[in-house]
Amino acid sequence: MALEGSPGGAGWTWRPVARDALLARAFHSCTELQGRFYLVGGLPGGGATEPSGDTVVFDPAAGQAVQLGARGCPRRSHHDAAPVGGRWLCVVGGWDGARRLATVAALDTERGVWEAWSAAPGSRPPAGLSSHTCTRVSDRELRVAGREGGTRTQRRYGSIYTLRLDPSARTYWPELLHTPSYKEEGCHTASRSGHCAALLPTSGHPPAHQLLLFGGCNSAEPEVAGHWGQGKIKEEPPAAPRLMEQLARLVSTGQGSGQGPRGLRHHSCSVVGPFAVLFGGETLTRARDTICNDLYVYDTREGRWWRGQKASPLLCGSTSPVQTTG
């Protein structure tokens, strides 16, 4: 599904982009790389309980999805992935059907092969991660946020990791972050699972960036999981300038709220300029009908929320609200 706004910014509609059984899955990763979407793993439609080990490439221009024939795709669900160097798709952690993992597998899109990257000597990776987030900071650094855990148990708080990469050597080394503070908070965040992360510009001068975590717990407040000063994050031109203008007009209607969604998890999140667009997922605030299809826009310039009307089929475990797959 694709979300489109009218030229005046007054009306928004969902438009079907593709209908294909290959896209019917949940708790997968969906990552844009070189203009195409790479869907990895997840739980296939039809009530499957075991993670799939396939890769599907969706071309939005052609509206076509094809299964990638690359061997060695990791069998994963509840993982996350990030693009590196315009070439590799790095899959981090997740559930393989038997245990939580913290390993890194990478798809070399130029060669069409999956590679198992190894941890550098002396690395101390977490015991395992699932329903976490993995955000690209640079081509040599990812920021991972989530609860560490083994097969049956997880910590009651969230941890933040820097995952440093050396694509040329196919290695990585996770490092636990300790944020300088006079309070003994260390690297802990609220206990979150099924949250999303958005690297967004901050308001004010000089310009900076921060990584915000949304959902995954009962709190409606976003949580900062990283901050980078001026020049630390490479500025990219807006990928959808017209959509950014439409969102700006939308949130300027005065219908904003200071409070975001409470208890939302396994939803999707897209960054459009200074906006984070959240869609779908399930809510922890209801005992029945937990899967929702609400649309939320968070405006970093004002720190305020806009909530859209219900539309589109109910989706949980989806990955991109502006163009949704799964």
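Visitor: What do the side chains of Asp299 and Arg301 meet in, and what is the N to O distance?

Guide: Asp299 and Arg301 meet in a salt bridge, with 2.9 Å from N to O. The term denotes a side-chain nitrogen of Lys or Arg within 4 Å of a carboxyl oxygen of Asp or Glu. The model is predicted: local features need pLDDT of at least 70 and side-chain atom pairs count only at pLDDT 80 or more, whereas totals for chains, interfaces and linings use all residues. Residues are numbered from 1 along each chain as its sequence is written, and side-chain values use heavy atoms, with hydrogens and water left out.

Asp299 is buried, with a relative accessible area of 4%, whereas Arg301 is partly exposed at 41%. Here buried means under 20% relative accessible area, exposed means over 50%, and partly exposed lies in between (1.4 Å probe, protein chains only).

Across the whole structure, 14 salt bridges are found. One of them joins Asp108 and Arg170, at 3.8 Å from N to O. This pair links distant parts of the chain, 62 residues apart: Asp108 belongs to strand E11 (residues 100-108), and Arg170 to the loop between strand E15 (159-166) and strand E16 (171-176). Such strands (E, at least two residues), like helices (H or I, at least four), are DSSP runs numbered from the N terminus. Asp108 is buried, with a relative accessible area of 0%, while Arg170 is partly exposed at 23%. Both residues also take part in a network of salt bridges that links Arg87, Asp108, Glu110, Arg111, Glu115 and Arg170.

A further salt bridge is formed by Arg164 and Glu141, whose closest N and O atoms are 3.2 Å apart. Arg164 lies in strand E15 and Glu141 in strand E14 (residues 141-146), so this pair ties together parts that are 23 residues apart in sequence.

The largest has 15 residues, of which Cys90, Val92, Trp117, Leu142, Val144, Leu163 and Leu165 touch the most other members. Leaving aside residues up to four places away in sequence, Val92 touches His79, Asp80, Thr103, Val104, His132, Cys134, Leu142, Val144 and Leu163; contact means heavy atoms within 4.5 Å. Apart from this core lies another, of 14 residues, including Leu3, Trp12, Val251 and Phe275. In soluble globular proteins, nonpolar side chains tend to be buried together.

Four strands form an open sheet in the order E4-E5-E7-E8, with antiparallel pairing; two strands pair if DSSP finds at least two bridges between them. Strand E4 (29-33) and strand E8 (64-67) are its edges, each pairing on one side only. E4 and strand E5 (residues 36-40) run antiparallel and are joined by 5 bridges; Leu39 in E5 is the bridge partner of Cys30.

Two residues call for attention in their backbone angles. Phe27, in the loop between strand E3 (25-26) and E4, has a phi near 55°, a positive value in a residue other than glycine. His78, in the loop between E8 and E9, likewise has a positive phi near 55°.

At the surface, Asn218 is exposed, with a relative accessible area of 52%. Asn218 lies in the loop between strand E18 (209-214) and strand E19 (223-228), and touches Arg262, Gly263 and Leu284, not counting residues up to four places away in sequence.

As to the whole, the protein has 1 helix and 25 strands, and 51% of its 326 residues count as buried. The protein exposes about 15,600 Å², of which carbon and sulfur atoms supply 49%; accessible areas come from the Shrake-Rupley method with a 1.4 Å probe, and for residues only the protein chains shown count as cover.

Definitions and conventions:
A nonpolar core is a set of buried Ala, Val, Leu, Ile, Met, Phe, Trp, Tyr and Cys residues joined through side-chain atoms within 4.5 Å.
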